[in-house]
Amino acid sequence: MSDVRGSIWRKWDLHVHTPESIVHQYRCPEDENVWEKYISDLESLPEDIKVLGINDYIFIDGYKKVLKYKEDGRLQNIDLILPVIELRLNKFGGTKSSLSRINYHIIFSDALNPDVIQSQFLNALTSKYQLSPEHETISWHGVITRESLADLGKKIKESVPEEQRVHYGDDLIEGFNNLNLDLNEINEILSRSYFKNKYLTAVGKTEWADIKWNNHSIADKKTIINNCDFVFISSPSPEHFQNAKDNLTSENVNNRLLDCSDAHRFSDSTDKDRLGKCFTWLKCDSTFDGLRQIRNEFGSRVFIGNIPPKLENIRKNPTKYIKSIKVQKTDQSKHTGWFNASIPLNHDLVAVIGNKGNGKSAIADIIGLLGNTKNYSDFSFLTKNKFRQGNLASNFIGEIEWESGQSESKNLNENPAGHETEKVKYLPQQFIEKLCNVDDEKFEDELKTVIFSHVDEKDRLKENSLNDLIKVKTEKYKKNIDILKMELGSIHESIIEQEKFCSTKYKNGINEQIKSKEEELSAHEKITPMEVEKIEANPEAQKQIYEATQKLAELNQNLNSITEEIKTKSNLQNDVEEKLSYVERLEGYIENFKKQYEIFISSCSKEAEFLSVDIKNIISLNINTEVLLTQKEALLLEKEQLNKILVTDSKENLITKKAKVEEVINNLQNQLDEPQRKYQIYQKDLLDWQEKLKQIKDELDLLNKRKLSITNEVEKELLKLREERNKKVNEIHQNIVSIKSVYEELYKPVQNFISKHSLNDEKFQLKFEVSIQIKGFSERFLSLINQGIKGPFQGKDEGKKVLEELMESVNFNETQSVIEFVNKIVAEICSRDTNEPESINISSQLTKSSSLIDFYEVLFSLNYLQPIYSLKLGDKDLKTLSPGEKGALLLIFYLLVDKDDIPLIIDQPEENLDNQTVFNLLVPCIKEAKNRRQIVIVTHNPNLAVVCDAEQIIHANMQKYQDNNIEYLSGSIENPDINKRIIDILEGTTPAFKNRESKYYISI
């Protein structure tokens, strides 16, 4: 029978003998009806067995009897009973001592009346053929009946010596055992119009295998099996079956092997050939047409074993499979037309077909709505300018039922609430188009969603997306990089400061200062105070002069002491101020460190809380500034005292003392006579000159020392700073490499899946890589450079080309290569014929709006290096794909790569794809995906449904002149009604199909 759910898994046993078979072992006591026991045994078969092939040797009586029981209301557990005739061919296998004959089975359609099979096939055999038993001296002709076969057996036994007749069996059995038929004659009868498309054939694998492979038999052996539709075997186990199938495959012959019970005994027997012992599952309608479809799609519609993996998956995950959807009017609605449908859904591939504007997308949108899709804004049917216009949708309720028995409903005017779990993945056509035509970032996010499905649950750290997980796992490396960049900034400030001393301008300035001091020294040496002779006076005057001179000497000595003390105290004051500035800077550093610690503790709070630990017990911060505060207080006190000694307005300050001493000296000098006064002035001028001479020499010595330090200490310091810079660049790059490793770790599962997948062959190749790539560097770097002046990057196009050539030679995944690259950029700028240091050369190449710090940050911070995953479809990078190719890639990801197992609904997956892409890319992925999840596709092209061998076809048809009633007819491809609709839509009716077929150079 046809099922509205389409093709579903059922067990089929196509080789079941009855008590009417010439050979059987259905034994029971005389007071028990063997047929009643047989029928009861069939009614007790495992519930999965839904189809039986009632098999008789030569006759059809057993099938007729079983059919009569079915017509009388028995065998309600069996959906379909097919008549199977078993014949023995005149082809022999085995050895001379043990001959075996090929068992040949004809499986007839149940649409054929048994009388037709009897009259047009069985009677044709008997009237057509000269039957030749082994003993050719026996002449026998006749219609094959039980009586005629018994007569044949009787004649055979009569032809042997009487003493050997004890070794022979019943006359009927002996007659049957010696009846052999010619395959060519059988095929000639089957070719008649009565049987067109109403029979299938099978050969027994065990007897066929007995035919020896030799020069005389190989052609017949291959012809027999290869011309059959199926091969039958009765296996004791699935493993035994698989070995038999592998043998057929290795022998390169028909391996469409089906396991059958070959039942000759009741189900309670221990023999393998018993009722119910069958491992064959077929996915099709319980119809003869369904079996014919199995012949066409054998690989995907047959399973041999205890239970097909898909059924097992459904039983374990009933909340992941939709059982049915229902759309009907609300109780309050008075609206007529549109929906009143209840549609059971197949668990594999459901294809919704129909002409345009007939309600196909309605199903997809409604399933998406009921499954809480997040893409509801891209609905094409449930929109305000269509079905939701004028509040029409509010008149209808949609209901979804899951295999778990749970059901949910929504008014078709609603949208899923933000908190509701997404139970289906819906890809509306508008959603796919927007992703592929407009938003590259969202397109990549969709791919990341699929990639995230391959990350093991234990590795997700309870994060909900790949981006969030990447952020968590790379956070520590990014913080390391931020700290290293700060340290790098300090190094660059030091380099800039030190290189000032190496500049030509600074060196020239030092030389000019030295020259100026030397000239000042020379000039000072030339202005030595003119010597004044000491004049002797009279004793009285001499005494007076002596006393004044002595006093002046004391005062001058005191003045010198005060001057020296002022100088000392001033130097001390400068030292105190400098120390206080260092204290303040250190306090700032400590305060900043405290803030960084607090930020660090805050950033660890989530992990610490999860682990129930106090992060402060792991990393504690102990700041003891007591020593610093003590020193600061002492310095402030010393500053205050020095200030008091030097400048405070009091009698004790040195400035006042110095002024008073100078005043006393002036008064004493004025008391002397002119000669003595001049002599004293000379003494003072000489002392001042000598002090000035010492000062000039000290300053000149300091300048010479500074000049010498440029070539010694400064160069050494610069070398040290540049080494430190390279070390920081190394550390930054190592952290970027660590981030890359995080990407590789997270992308590795999907990368392995893609590379190992059987479909990732020459038809399409998904290539996946993670690498460190340079991004945005050229534009940012050249924006700092003045390309209008002479230099390595002069000229907009020429400069860009030079930079790109430098970049092409770099492996940005290797740290040493990156360090060489940044230093080579600097070397290029500094390669001009100049003695200027690095920073001066660079500054001369920058635009007015750019600073040297900007340049260093852009080049050495490595902000332009990013770990990037590269995904290619064939030889094309993700960024270069056309919208159609992006659409194909997105579909491949959701069909082939996505590990999510919720139902996948796709509206028009073939849109914007050419037929070759559909066949080479889309079809294999759909056929693969339906094995592990439920898929619903809405398509304008039924060819897609046919080629993908959809298990269920839903044909949508809107009665536009009857209140827009939408009718949904569903079933399998092999369902005649569905098949007709496929042809009508695909080919424009059967006559049109035949017309095109006649014009093709190949047979369709």
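Visitor: If buried means under 20% relative accessible area, exposed over 50%, and partly exposed in between (1.4 Å probe, protein chains only), which of these is Ser 570?

Guide: Ser 570 counts as partly exposed, because its relative accessible area is 26%. This is a predicted model, in which local features need pLDDT of at least 70 and side-chain atom pairs count only at pLDDT 80 or more, while totals for chains, interfaces and linings use all residues. Residues are numbered from 1 along each chain as its sequence is written, and side-chain values use heavy atoms, with hydrogens and water left out.

Visitor: OK, and where does Ser 570 sit?

Guide: Ser 570 belongs to helix α18, residues 539–603; helices (H or I, at least four residues) and strands (E, at least two) are DSSP runs, numbered from the N terminus. Between the C-alpha atoms of Ser 570 and Ile 645 there are 10.0 Å, although the two are 75 residues apart along the chain.

Visitor: Switching to charges, how many salt bridges does the structure hold?

Guide: There are 40 salt bridges, each being a side-chain nitrogen of Lys or Arg within 4 Å of a carboxyl oxygen of Asp or Glu. One of them joins Asp 61 and Arg 146, at 3.9 Å from N to O. Asp 61 lies in helix α2 (residues 61–71) and Arg 146 in helix α4 (residues 146–158), so this pair ties together parts that are 85 residues apart in sequence.

Visitor: Which residue does Lys 728 pair with?

Guide: Lys 728 forms a salt bridge with Glu 487, and their closest N and O atoms are 2.8 Å apart. That pair links distant parts of the chain, as Lys 728 is in helix α23 (residues 674–756) and Glu 487 is in helix α16 (residues 466–500), 241 residues apart.

Visitor: And is Lys 728 buried or exposed?

Guide: Lys 728 counts as buried because its relative accessibility is 10%, whereas Glu 487 is partly exposed at 32%.

Visitor: What about Lys 740, what does its side chain meet?

Guide: The side chain of Lys 740 meets that of Glu 744 in a salt bridge of 3.7 Å, N to O. Both residues lie in helix α23, four residues apart, which is about one turn of the helix.

Visitor: Last topic: which residues form the nonpolar patch on the surface?

Guide: Phe 600, Phe 610, Leu 611, Val 613, Ile 618 and Ile 619 form that patch, with about 580 Å² of accessible area together. Patches are made of residues with over 30% relative accessible area and no salt bridge, where like charges are joined within 9 Å and nonpolar side chains (Val, Leu, Ile, Met, Phe, Trp, Tyr) within 5 Å. Accessible areas come from the Shrake-Rupley method with a 1.4 Å probe, and for residues only the protein chains shown count as cover.
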